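Visitor: I am new to this structure. Please show me how to read its features, one by one.

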Amino acid sequence: MATLKDFSQATRAEVRAVREVVAALHDQLVAWNLVMWTAGNVSQRLHSADLLVIKPSGVRYEHLTPESMVVTDLQGNLVDGAGSPSSDTSSHAYIYRHMPEVFGVCHTHSTYATAWAATGKSIPCALTMMGDEFGGPVPVGPFRLIGSEAIGAGVVDTLKQFPRSPPSSCRTMGHSPSGATPRPRSRPPR
């Protein structure tokens, strides 16, 4: 199994930078009340190698640091880090493998978006700013259990049906493939 030492100096430097970004974005999830306990996470795919950076499983947000972020390959295998990768790593990796244009995934459990998604209905495009940001309604994908690629497959399938919409919600949570970085394009719904 590969370790981070097996990658180029440029990739190791990118990992250091991405760990900083991903740790800071987890702080934003808390600041905007988009997560509770340890549920939800942000990941970023590297540009220099088929690797991603994500939070370790079960670690509370207030204890996250850039150094605590883990690195996996796009199959979810640990490449670097002391903790186990998030239970959502397989889903994030699936999205990255099947949507090569995506370099960031933001997975939330925001109260109102989760409640809306549980209805199984897309969030309608009711405001001009929603059209500007999302290109139309925010689609809702199928319910899937955590811990496998199933959520990622649901997100990919949903976004294939709605190619103009960068975000999607699953029936019990929100995933938001966001393009070049995992930073949200606008403030997510709360």
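**A guided reading**

Guide: From the N terminus on, the elements of the protein chain run α-β-β-β-β-α-β-α-α-α-β-β. Helices (H or I, at least four residues) and strands (E, at least two) are DSSP runs, numbered from the N terminus. This is a predicted model, in which local features need pLDDT of at least 70 and side-chain atom pairs count only at pLDDT 80 or more, while totals for chains, interfaces and linings use all residues. Residues are numbered from 1 along each chain as its sequence is written, and side-chain values use heavy atoms, with hydrogens and water left out.

Visitor: How many helices and strands does the protein chain have?

Guide: The protein chain has 5 helices and 7 strands.

Visitor: What percentage of the residues count as buried?

Guide: Start with the cut-offs. Buried means under 20% relative accessible area, exposed over 50%, and partly exposed in between (1.4 Å probe, protein chains only). Of the 190 residues of the protein chain, 46% count as buried.

Visitor: What do contacts tell me about the chain?

Guide: A contact means heavy atoms within 4.5 Å. Take contacts in the protein chain between residues at least 6 apart in sequence: 59% of them join residues at least 24 apart.

Visitor: How do I check the length of helix 1?

Guide: The expected span of a helix is 1.5 Å times one less than its number of residues. For the 23 residues of helix 1 that should give 33 Å, and its end C-alpha atoms are 34 Å apart, which agrees.

Visitor: Which residues of helix 1 are buried, and what covers them?

Guide: The buried residues are Thr-11, Glu-14, Val-15, Val-18, Arg-19, Val-22, Ala-23, Leu-25, His-26 and Leu-29. Their cover includes strand 1, strand 2, strand 3 (70-73), strand 4 (78-80) and strand 5 (104-108). Arg-16 is also found in helix 1. Arg-16 counts as partly exposed, because its relative accessibility is 47%.

Visitor: Where is the largest nonpolar core, and what supplies it?

Guide: In soluble globular proteins, nonpolar side chains tend to be buried together. A nonpolar core is a set of buried Ala, Val, Leu, Ile, Met, Phe, Trp, Tyr and Cys residues joined through side-chain atoms within 4.5 Å. Here the largest has 20 residues, and Leu-29, Leu-46, Leu-51, Val-53, Met-69 and Val-71 have the most contacts inside it. Helix 1 (9-31) and strand 2 (51-54) each supply at least two residues of this core. Helix 1 gives the most, with 6 residues. Apart from this core lies another, of 16 residues, among them Leu-52, Met-99, Val-105 and Val-155.

Visitor: Which residues does Val-53 contact?

Guide: Leave aside its neighbours within four places in sequence. Val-53 is then in contact with residues including Val-18, Val-22, Leu-46, Met-69 and Val-71.

Visitor: How enclosed is helix 2?

Guide: Helix 2 (residues 89-98) has 7 of its 10 residues buried, so it is largely enclosed by the rest of the structure. Among the buried ones are His-92, Tyr-94 and Tyr-96.

Visitor: Which charged groups sit over rings?

Guide: A charge sits over a ring if NZ of Lys or CZ of Arg is within 6 Å of the ring centre and within 35 degrees of the ring normal. The charged end of Arg-45 sits over the ring of Phe-103, 5.2 Å from its centre. Lys-55 lies over the face of Tyr-61, at 5.4 Å from the ring centre.

Visitor: How many disulfides are found?

Guide: A disulfide is a pair of cysteine sulfur atoms within 2.5 Å. A search of the whole structure finds 0. Cys-106 is buried, at 8% relative accessibility, and Cys-125 is partly exposed, at 36%.
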